Amino acid sequence: MTHYILSKTTNRNLLAGQLPDHPVTLHFENNKTAILPQAHPMLQSWLKRIDFLQEHNRPVYINTDAHGIVGEVLMPTADSVDSIDESGSGAVAVAFRMDAAFYFLERDKADFAVLLAVLKDAKAKGVQVLVTATKPDYRIVAVEVLAGTYGKPALPHVPLSPSKFPKLNLEETVTPEKAQMLFDILKKTNCRPCHSVSPCIPFQYPGSGCWVRAHLMCFMLKGDLHVLPGKAWCYGTLNAHTVNDPNCKVSWVFHVAATVNVLQPKGRPKPMVLDPSMCEKPVTPEEWKAMMDTGNAELRLTDWHQYGRYGGEADLATAQSDIVEFRLLLDGMCAKDGPPPYAKCKL
């Protein structure tokens, strides 16, 4: 029989220096304790997650056995419920306002009815929930209405409107050869699975985080490579095959990537999508959309400033802070399932 703890920890800097050479006792704000086993293959990944959540004033979800030994460490997130799809006989698909991934609530869960009621009530009232899910499959484990403080104070807002920027003499159009060069440069920033460190971008964790990856790519294109970027957005019930997920597929509410305008042999320049999480070269927006379209996808092209699905802006510091969680998810996936790409997923 398993038990769970959902609370903030009071331990600090668990991973300071080397891995501990003895079991670690976790202490929680709700006065519970749990023991991290010394020899577990996920230990380093778990310690990184716990330190990250503690630093960011967020609770951790811990599964333990009857003796209090940890068997799983998950990272709950706070978000607003955007939609709930109960059609069909399979899992209920839940979309949240900020996240790109579909979350799935399995009907055979013992507390299915309770969790579904919490989600529906939160959607009706417009309140945030704390959702815990296994990742990268995004199966919902727990949901509760968000209570208490969550997260670090927001970074100071830096307006990103074009009028705030000096003219940087950015290239507005590039050749096909340069577009490929830009793609290759962006792809080389990919994190090394199991060993993700700043400032790498976790392209091999495609399950979510695309809005942060796209923003970081745009800052690279604009700042380091002196090319004017844009963004391509795809909205809908999206499914994509991938070799970088142990399930060989990902399901999204939306997906976004950087674009650059590329000269054409005939006719006007057109935007090409740079998306190392899905592609090996620049592709047209239509080709990119087709990789994930299940029949209802909508494509939209914007300038580079928009950060989230419903708008908003973010400076470089915010994007650099937001990407850390997805590096941790990549390293956790790698520790559990081995490093991507996964041979079983190759077509």
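Analyst: A residue is called buried when its relative accessible area is under 20%, exposed when that area is over 50%, and partly exposed in between, using a 1.4 Å probe and protein chains only. The model is predicted, so local features need pLDDT of at least 70 and side-chain atom pairs count only at pLDDT 80 or more, while totals for chains, interfaces and linings use all residues. Residues are numbered from 1 along each chain as its sequence is written, and side-chain values use heavy atoms, with hydrogens and water left out.

After the helix comes Asn57, whose phi is positive, near 55°.

Helix 1 is mostly covered, since 10 of its 13 residues are buried. Among the buried residues are Leu43, Trp46, Leu47, Ile50, Phe52 and Leu53, and also Arg49 and Asp51. Contact means heavy atoms within 4.5 Å, and what covers these buried residues includes strand 2 (24–27), strand 3 (33–36), strand 4 (60–64), strand 5 (70–74) and helix 6 (316–337).

A salt bridge is a side-chain nitrogen of Lys or Arg within 4 Å of a carboxyl oxygen of Asp or Glu, and Lys48 and Asp331 form one, at 3.9 Å from N to O. This pair links distant parts of the chain, with Lys48 in helix 1 and Asp331 in helix 6, 283 residues apart. Lys48 counts as partly exposed because its relative accessibility is 24%, whereas Asp331 is buried, with a relative accessible area of 6%.

By the salt-bridge rule, the count for the structure comes to nine. Another of these joins Arg309 and Asp82, at 3.1 Å from N to O, and that pair too links distant parts of the chain, with Arg309 in the loop between strand 14 (298–303) and helix 6, and Asp82 in strand 6 (residues 77–85), 227 residues apart. Here Arg309 counts as buried, at 12% relative accessibility, while Asp82 is partly exposed, with a relative accessible area of 22%.

Terms used. Helix = DSSP H or I, 4+ residues; strand = E, 2+ residues; numbered from the N terminus.
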